[in-house]
There are 2 protein chains.
Amino acid sequence: MSENKVLKIGDKILLIGLGLMGGSYAKALIKAGFMVYALDPDEFSIYFAKHEKMIHEGATSIEEAEAKGLFDADCVVFAIYPNLMLEWIEKHQQHLKSGIIVTDISGVKRQIVDKAQELLRSDLEFIGAHPMCGKESYGITNSDDSSFRIANFIITPTIKNTWRGITFARELADAMGFYKISVLSPEEHDDMIGFLSQLTHIIAISLMNCNENDHLQDYTGDSFRDLTRIAKINERMWPELFSLNKDLLCGHIDSFINEMQSMKELIANSDIKGMEEKCIHSTARRQLFDRK
Amino acid sequence: MSENKVLKIGDKILLIGLGLMGGSYAKALIKAGFMVYALDPDEFSIYFAKHEKMIHEGATSIEEAEAKGLFDADCVVFAIYPNLMLEWIEKHQQHLKSGIIVTDISGVKRQIVDKAQELLRSDLEFIGAHPMCGKESYGITNSDDSSFRIANFIITPTIKNTWRGITFARELADAMGFYKISVLSPEEHDDMIGFLSQLTHIIAISLMNCNENDHLQDYTGDSFRDLTRIAKINERMWPELFSLNKDLLCGHIDSFINEMQSMKELIANSDIKGMEEKCIHSTARRQLFDRK
């Protein structure tokens, strides 16, 4: 069977970026039997990953990676912020081996995948991917692949992708043990993520920031804690993601605000029947989202 | 020491209403050594509570309660919806023993406490109380006093309350093992609850109802699940609570929507710096709300 696979056990995988997600990929991929390489300018991250046996080899600069043969990799996974990835491709793609597949992990797809495919040499294939398993922490020391087994993995091919590229992404996700692997267009992906993930973060931040009363924490219960858990947010990554998806995200913000306004009107009018209907609808819809 | 207490071990406590909270109180109070009586029109609830040894005696009607001596109770706890409590006081308070203290559990205070104190006979004292431990379930079979030990208990006295009434409420909460007991004015309470609990429920309902896409559940992660956990909501209780607190609640909704609008503007303008500031502020504020 193995010879029918695009991604074969023992293949060399180069991770560009070794933070929370790069580190988590490293752990999962080394367990799955691949040769795992990493390139990250942060010396500690590379040292830590080697010491913890999360990677076979690592480098902190292009020159070192070149010298150590890291660019001999059979595929590349970008695990850095989206705009940084585009910059990297522009500046350094000449180092990559011909014919390989390149993928990413970024949380928005339309702008990133199109641009990456435009920039990339014609002998390389870029396939967009998004492992949906965020955390309120960062850095390699927090990396953890155990959440993959309950997480969705979304592949976002465009018309420029081949069967080989899509299959590669599927096999990669499968090797890392993701719970469910789906294929969506970049548009469908961004719309879905704009609602389920980005809007929820905007809500959490806004709820956290809209009331400066410092005594509130004395009375906080689980509802407020649950709604603001994700208000602890990586300020370097999220603004970039919001901005890259602003059209769809602003649309979702508008729909949500409209719904809040309509609830407010019912409350202001003491329209008990109308509020009851909203509660019944909400309760019924929420059942659909319980974990199976 | 015991003789200095307002509430003494062995005292007879009558619970009016034996649902989720009435049942939870019953469990905690019987363990603490009180005589626990309950009045609830639902035959199953009374049967269940007696069978499970959650109460010493129960009745499903005023007549039965009278016949069984339940109105000989040394204090009364209303564990029914707020407007229903006011109705009960109006219709049936002649049955209560002179000099006793009456308390409640309702989630809004200004309108309820004032009206209850107005309606109540002058030989009885009403002291408002709010055990902050909601659940997305109801009915006596879901009752559970184990959450009390991590929950806040708020006492909301007015100018009409005596030292004896306030001490009684404090001793009652203490006997049931609440984590923290605070005293707030009804206004402070309603403002705090309007923000921490009511606004969060309105947000969860609105998020659940603002997008009818049925395929979303396939991709839902923890963020969306956490933000909508409380969108499963008791449609009989909450609209009444929202309506009874509508002035303060609508103010909190407005502040929150303003904050959302300001985030939306930053996103629409790709103002990365502005978004970063919001994220940093939100992260710092959220730390304050971590459980100690």
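In which sense, left-handed or right-handed, does α10(A) pass α11(A)? The model that settles this is a predicted one, and in it the crossing of α10(A) with α11(A) is left-handed. Two packed helices are described by the angle between their axes and the distance between the axes. Here the axes of α10 (residues 246-268) and α11 (residues 272-287) of chain A come within 8 Å and cross at roughly 145 degrees. On the α10(A) side the contact is made by Glu259(A), Ser262(A), Met263(A), Leu266(A) and Ile267(A), and on the α11(A) side by Gly274(A), Met275(A) and Lys278(A). Sorted by class, these are four nonpolar, two polar and two charged residues.

The sheet of chain A comes next. It is open and has eight strands, ordered β3-β2-β1-β4-β5-β6-β7-β8, with mixed pairing. β3 (57-59) and β8 (180-183) of chain A each have a single partner strand, so one side of each is left without a neighbour in the sheet. From one strand to the next the twist averages 20 degrees. Within this sheet, β1 (residues 12-16) and β2 (residues 35-39) of chain A run parallel and are joined by five bridges; Ile13(A) stands opposite Val36(A) of β2(A). Helix α1 (residues 20-31) of chain A packs on the sheet, where it touches β1, β2, β4 (75-78), β6 (125-132) and β7 (152-156) of chain A. The direction of α1 makes about 165 degrees with that of β1(A).

Strand β7 can be followed in chain B. How many of the five residues of β7 (residues 152-156) of chain B are buried? Five of the five are, so the strand is largely enclosed by the rest of the structure. In a regular strand the side chains alternate between the two faces of the sheet. In β7(B) both faces are covered, with Asn152(B), Ile154(B) and Thr156(B) buried on one side and Phe153(B) and Ile155(B) buried on the other. β7(B) runs antiparallel to β6 (residues 125-132) of chain B, with five bridges between them, and is parallel to β8 (residues 180-183) of chain B over four bridges.

Finally, the two chains. Chain B is laid on chain A by a turn of 180 degrees and a shift of 0.0 Å along the axis, with an RMSD of 0.0 Å. That is the relation of a two-fold axis. The residue of chain B that comes closest to the rotation axis is Leu227(B), at 2.4 Å (C-alpha). Of the interface residues of chain B, 100% are also interface residues in chain A, so the copies meet through the same surface.

Technical notes. Residues are numbered from 1 along each chain as its sequence is written. Chains are lettered from A and ligands numbered from 1 in the order in which they are written. This is a predicted model: local features need pLDDT of at least 70, side-chain atom pairs count only at pLDDT 80 or more; totals for chains, interfaces and linings use all residues. Side-chain values use heavy atoms; hydrogens and water are left out. Two strands pair if DSSP finds at least two bridges between them. Helices (H or I, at least four residues) and strands (E, at least two) are DSSP runs, numbered from the N terminus. Axes are lines fitted to C-alpha atoms, for helices over the stretch in contact, and angles run from 0 to 180 degrees between N-to-C directions. Contact means heavy atoms within 4.5 Å. A crossing is left-handed if the near helix is turned anticlockwise from the far one by less than a right angle, and right-handed if clockwise. Ala, Val, Leu, Ile, Met, Phe, Trp, Tyr, Cys and Pro count as nonpolar, Asp, Glu, Lys and Arg as charged, and the others, Gly among them, as polar. Copies are superposed by least squares on the C-alpha atoms of residues with pLDDT of at least 70 in both. Buried means under 20% relative accessible area, exposed over 50%, partly exposed in between (1.4 Å probe, protein chains only).
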